[in-house]
Amino acid sequence: MLEKTNVKVLDKVVVRFSGDSGDGMQLAGNIFTNVSAGVGNQVSTFPDYPAEIRAPQGSLSGVSGFQVSVGTHVHTPGDQCDVLVAMNPAALKQNVKFLKPGGVIIVDIDSFKEADLKKALFETDDPFKELGITAQVLDVPITSMTKAALADSGMDNKSILKCRNIFALGLVCWLFDRPLQSAINFLKNKFAKKPAIFEANAKVINAGYNYGANIHATVSTYRIETEDPRPGIYTDINGNTATAWGLIMASEKSGRPLFLGSYPITPATDILQELAKRKDLGVKACQMEDEIAGVCSAIGASFAGDLAVTSTSGPGLALKSEGIGLAVIAELPLVVIDVQRGGPSTGLPTKTEQTDLLQALYGRNGESPVAVVAPASPTDCFTMAFEACRIAIEHMTPVILLSDAFIGNGSSAWRIPDANDYPEIKVHYLPQEEVEQGWKPYKRDAETLVRYWAFPGTEGQQHRLGGLEKDAVTSAISTDPVNHEKMVMARREKIARIANNIPELEVLCDKDADTILIGWGGTYGHLYTAAEELCADGKPVAFAHFRYINPLPKNTADILSRYKRIIVAELNTGMFADYLQAKFPGRDIRRINKIQGQPFLVKEIVDGVNKIMEEK
Amino acid sequence: MEQTAYTPANFKSDQSVRWCPGCGDHAILNSLHKAMATLGVPPHKTAVISGIGCSSRLPYYMNTYGFHTIHGRAAAIATGFKVANPEMTVWQISGDGDGLAIGGNHFIHAVRRNIDINMLLFNNKIYGLTKGQYSPTSARGFVSKSSPYGTTEDPFIPAELVFGARGQFFARSIDVELAITQEVLLAAAKHKGASVVEILQNCVIYNNGIHNPITDKEVRADRTIHLRQGEKMLFGKEMNRGLVRDGFLLKAVTVGEDGYTMDDVLVHDAHTESNFLHQQLAMMDGITLPLAIGVIRDVASPTYNESVDQQVEEVRAKKGFTCLRDMILAGETWEVK
């Protein structure tokens, strides 16, 4: 069962700017505060600067900080920050204690040279390790990029260096979608009498902002708290890391080595990076030459007998379509992870959406069914990545895991599972007696329609697979019309029968209400919170959340038939609602949709449900 | 007792071969069966992975593990396969369209990465399976169904692409040269790393005779040179023609004429690290200088799959984790009681 989660919705973020007292941290913090207030945020600030106006440069006593909390329900500057900007090693050392678990550190990597480290009394050349930092670090060459931006300004080096703070500010403005123009207006007022300085700062703030855009820098402004009451050892995890680890757990539970073929793409790259680190657990993670090679190398690894995975986002999934079709017809296990982002085309690379649902379900040539699952929260990424692998292996099929930018980047506390929290994955090994009885590659289990997985290297099990249609009996190439239809139906039915091997759909909140709110994938936390608020407000609704999309849980029709009104809320124009409508014609399915690259707000769902309930 | 010696028949499947009568692929298939028997790697330790096209049907005719995949992607699929199971000897079959057009990116990256697979490129300079369109190896001006007035583009020379991708093994043969084909296939299999073998192959239906100006029995001795490791670069019906240095370039001379003696004739060394001479040899076009066949370059270099395995072993030994939970517990955690 899925643990209850609470999304702290766009509540507030705390940013701490820190640097040398001469680095202009107070100015950067002030501008960020003013810009945020200008867009309607509540703000609370805490300037934290040293007693010495000019302590020795780069020293621990010379660190100046400015913490600001912006958002709603802001009553204090916050105890801990989500983002820490550290312009030098001393600032990092003094301020890292203020960083929240799952927070992000931005450092000016140009000022982390040996001499800088010495001034801050570091003993090794790796300050991050020395401080035990496990948080995400954005190491940005702030000094050199500021210099480059102002190379033609005619300013002297000292004046140029004074603009570094504004570069950092530009980057933070990108991270939190602050309107740059209002920051520039603020600079204009500040430097009204020094137009050259203003011009320089305006240029630099743009450079910082563009840098963030160019590297697809993201920081999740959401905290998704899982309410897991069980005692145990916990750690902080984001959805992409959880996905990577879930794959490793599946590898341990199936006994098949883990192979990843991938290509960098926002917002899925973290999965490749995490698995590249996990060579320490025997994972073979290959960065291939393109998305197609990513999926194709995985298909090759699957043919060789590995638990094979490829990770991507929407545009990459489009490129992988033909490869996935090959895995469909070759009936090889393959896990395809799509961390969805805004589309179409390049779209909104850093923003979240649920718009790849139909692509996942149908985006291939021919009758090409695959299993589709979708995690509900950052920690659920672990479970559903495991489930994707389990289904792929036990049913010899490609499985698409539809994560998204919101849960992929969002983090949560997570109870580290014991190995026995997850079931053994049963590999459909080819038994020797089958071989002796004249086994053919497309011979199926009568009940599940699953074929055997024969491993290259095994004597006597040589066989040929391929993208051409095969005869159902002999497994030789066949263009026979009746055979083709038989094979199409077998592949289709094989996927349908996965329903016997997945949990049923649960109904939460007020089961006896006559309205049911339905969601799928990464919107779980928002929808659940909204459903509870509605119930508490005397407007009873039931709530059901889908993590198994194809096939649907077996009791789906039964549950839908119990409710007069069905409301599907999703971050697209109604793809899941259409899918349910097609599967269960005659049901009254209403919709709440949002396509802004942003998660739902709880209020939007509450308002949407209220509005639909008021309709006849 | 385990079988240690094999015959070509051990590598043949029960499927009937469906290429057109007279197609060069038949000869290459036979050469491959023989080379595999000589190599002595058992059929169950052998995989043949192909893309799409006439040549890519080949896996169905092998009694090995086989995968007939999708257009252009065989090199990428073979890469994943080899990384996952490095114990297997992997043969990857492509044609000029499959390998150099739609699959060009995978081709160059497989070569650059130096994955230990044998990449066979059947070059007939035409798209046969789609019935006769020009390919990326068709000469400028070549008339085909998709270039009725002649092509307006220059072709790839596969060898040049291989050297551009920093290839460490390149060999060439002709479909009808059975012995030489076996020789280069064997050398390719023994080479650790990406081994590219270009085989000039005749498409009897759509491009019949395309290689004839070089491969015709009448002219073959004068227009090709069979390079052999450690031997003089000699060719011609009388074996009295030789390749000599001419400044930075190569020149074909007749031994005993114009003051050239046997001492002037170059000796072939496929193992020289510098690919300067190998490139010049591989680029000879059969008209001004004889087309080189045989193993042109064969230089040892770390393979991708071995490097991956080695790194995994090193990192595992260093960290010493036994399972996922171990690794996670080594990070930042807290306990809830």
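What follows is a set of questions and answers on a predicted model with chains A and B.

Residues are numbered from 1 along each chain as its sequence is written, chains are lettered from A and ligands numbered from 1 in the order written. In this predicted model, local features need pLDDT of at least 70 and side-chain atom pairs count only at pLDDT 80 or more, while totals for chains, interfaces and linings use all residues.

Reader: What makes chain A as compact as a globular protein of that length?
Author: The radius of gyration is taken over C-alpha atoms, and the globule rule is 2.2 Å times the number of residues to the power 0.38. For 616 residues the rule gives 25 Å; chain A has 27 Å, which is close, so chain A is as compact as a globular protein of that length. Its C-alpha trace spans about 85 × 65 × 45 Å along the principal axes.

Reader: How does the radius of gyration of chain B stand against that of a compact globule?
Author: The two agree: a compact globule of 337 residues would have a value near 20 Å, and chain B has 22 Å. The C-alpha atoms of chain B fill a box of roughly 95 × 50 × 45 Å, taken along the principal axes.

Reader: What counts as a helix or a strand, and how many are there in chain A?
Author: Both are DSSP runs, numbered from the N terminus: helices are H or I with at least four residues, strands are E with at least two. Chain A has 22 helices and 23 strands. Chain B has 11 helices and 12 strands.

Reader: Why is B:Met262 called exposed?
Author: C-beta atoms are placed from the backbone, and a residue is buried if 20 or more others lie within 10 Å of its own, exposed if 12 or fewer, and partly exposed in between. B:Met262 has 11 such neighbours inside 10 Å, so it counts as exposed. B:Met262 is found in the loop between β10 (249-254) and α9 (276-282) of chain B.

Reader: Which residues does B:Met262 contact, leaving aside neighbours within four places in sequence?
Author: Contact means that the C-beta atoms, placed from the backbone, lie within 7 Å. B:Met262 is in contact with B:Lys232 and B:Val255.

Reader: What makes strand β12 of chain A mostly covered?
Author: Six of its six residues, 307-312, are buried. A:Leu307, A:Val309 and A:Ser311 point one way, and A:Ala308, A:Thr310 and A:Thr312 point the other way. In a regular strand the side chains alternate between the two faces of the sheet.

Reader: How do you know that β12(A) pairs with β10(A)?
Author: Two strands pair if DSSP finds at least two bridges between them. Three bridges join β10(A), residues 258-262, to β12(A), and the two run parallel. A:Leu260 has A:Val309 as its bridge partner. β12(A) also pairs with β13(A), residues 334-340, in the parallel sense over four bridges. There, A:Thr310 stands opposite A:Val336.

Reader: Why do β3 and β7 of chain A stand at the edges?
Author: The open sheet has six strands in the order β3-β4-β2-β5-β6-β7, with mixed pairing. β3 (42-48) and β7 (136-140) each have a single partner strand, so one side of each is left without a neighbour in the sheet. The twist averages 15° from one strand to the next. Within this sheet, β2(A) and β4(A) pair in the antiparallel sense over nine bridges.

Reader: What makes α5(A) roughly perpendicular to α7(A)?
Author: Axes are lines fitted to C-alpha atoms, for helices over the stretch in contact, and angles run from 0 to 180 degrees between N-to-C directions. Under 35 degrees counts as roughly parallel, over 145 as roughly antiparallel, 65 to 115 as roughly perpendicular and the rest as oblique. The axes of α5(A) (142-149) and α7(A) (164-175) cross at roughly 100° and come within 9 Å. That makes α5(A) roughly perpendicular to α7(A). A:Ile142, A:Thr143, A:Met145 and A:Thr146 meet A:Arg164, A:Phe167 and A:Ala168.

Reader: How many residues does each chain bring to the contact between them?
Author: Chain B brings 50 and chain A brings 52. On the side of chain B, α2(B) gives the most, with eight residues.

Reader: How do you know that β17(A) pairs with β2(B)?
Author: Three bridges join β17(A), residues 464-466, to β2(B), and the strands run parallel. A:Gly466 stands opposite B:His68.

Technical notes: Contact = placed C-beta atoms within 7 Å.
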